[in-house]
Number of protein chains: 2
Amino acid sequence: MIGMTNAGFVRARSPEAKAQRREAILAAAAELGLRHGVRSVSLGDIARAVGIAKSALLRYFDTREDIYLTLAADGWAQWARTLRERLGDPVDTGADALAAALTESLSAQPLFCELLAHAPLNLERHVSIESARAYKLTALDAVTEIAGLAVGVEPRLTPSGAGDVIAAVTALAAALWQISHPPESLVKLYAEEPRLAHASVNFPVRLLHMTRTTIAGVLAVA
Amino acid sequence: MIGMTNAGFVRARSPEAKAQRREAILAAAAELGLRHGVRSVSLGDIARAVGIAKSALLRYFDTREDIYLTLAADGWAQWARTLRERLGDPVDTGADALAAALTESLSAQPLFCELLAHAPLNLERHVSIESARAYKLTALDAVTEIAGLAVGVEPRLTPSGAGDVIAAVTALAAALWQISHPPESLVKLYAEEPRLAHASVNFPVRLLHMTRTTIAGVLAVA
């Protein structure tokens, strides 16, 4: 075990080793964020999980926010990839098929849903301008691709209407994710306070309902 | 000046003096939150602005999150009050009148818009169960009253549809507020990166558009 730990502290020197180390850092941060909530994971926690010193981690990322913003960018790219596979040659078309695809794909990316709230509130504010640029451009590419796919599935959507759908769905997913994953103290409160029993929210069910509503609204005002 | 500072440290003993001190703490936190953003204000900053010791402040509130969650509750109550005055005996009715009332009243409460994002993500997670209960019940009362007012202005809304409108509008306001108030680094990035020029968002204009869309959608799926 001591040998393994020491091996972890060896500096990665080849480009391949560096890329592997970077992926290991991201994977550890993703796992810790999913298990404990992104807000409570420190740079030290991530370094410990990878088995490297904090100083070694800082050769790859400036801040914990930099790590999580990179994972948020990966989340946007993954979401676009999933939807490309599902909607590129769609079996069903129309508003309901689009709502189901957007919602189910988001529900399958819990860390991305958590990061959608953290990105504008915390993450973007504690990274270099270059990290912010990389994140924003990746997100923009994903939104552009998803908007195109959405118009393909529901041709009554304009490109700008499709953009409104994506903006609303991600804002709703960010809010609903936090509400549907309350801390222990709120779980206890909801159980003991009958007037707050409604506050428990089923994320995929509620997101699907709100996404259908949003698409219907975008089509109605177009 | 030394006399004034010392006077600030005298313990408030009468109920009136205690209530005044509590209001002074909330007012100082509100002003600092508006000026610098809620995320960057510490308990020590608030104590300094009131002119009391941090230990004295802790007799009123457990944490900085407790202070800001109290201000968020005040925000819900204020929003309901504004809408009661505007919509209790409305001049205009219909979906557009409702969208304008919801949007303009939210835009007039910038601190509340900022707190709408912080409450579920950060504030609710760092307060006692009693503080969480007080916040949730105040918010619930406000939502119930605003839903009733919304149905009065747009009678095609069901009570549950009105609830969906309020849930969506507050989620959108929370997201749009953060996006439309970027940190300096993002302002610089948007200015120098043509592909990101669209990322600058006018909060009231965009919120009105998304609110109209949401109401149209709720009416369409009802």
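Axes here are lines fitted to C-alpha atoms, for helices over the stretch in contact, and angles run from 0 to 180 degrees between N-to-C directions. The model is predicted, so to speak of local features a pLDDT of at least 70 is needed, side-chain atom pairs count only at pLDDT 80 or more, and totals for chains, interfaces and linings use all residues. Residues are numbered from 1 along each chain as its sequence is written, chains are lettered from A in the order in which they are written, and side-chain values use heavy atoms, with hydrogens and water left out.

Within chain A, helix H2 (residues 15-36) packs against helix H3 (residues 43-50) at an angle of about 115 degrees, the axes lying 9 Å apart; helices are DSSP runs (H or I, at least four residues), numbered from the N terminus. In contact (heavy atoms within 4.5 Å), Ala24(A), Ile25(A), Ala28(A), Ala29(A) and Leu32(A) of H2(A) meet Asp45(A), Ile46(A), Ala49(A) and Val50(A) of H3(A).

Turning to the two chains, 45 residues from chain A and 45 residues from chain B make up the contact. Together they bury about 4000 Å², 67% of it on carbon and sulfur atoms; buried area is the accessible area (1.4 Å probe) lost on putting two parts together, summed over both. Leu121(A), Arg125(A) and Ile129(A) supply 16% of the area that chain A buries against chain B, more than any other three residues.

Six salt bridges are found across the interface, each a side-chain nitrogen of Lys or Arg within 4 Å of a carboxyl oxygen of Asp or Glu. One of them joins Arg133(A) to Glu193(B), with the closest N and O atoms 2.7 Å apart. H11(A) gives the largest share of the chain A side, 11 residues.

Definitions and conventions:
Helices (H or I, at least four residues) and strands (E, at least two) are DSSP runs, numbered from the N terminus.
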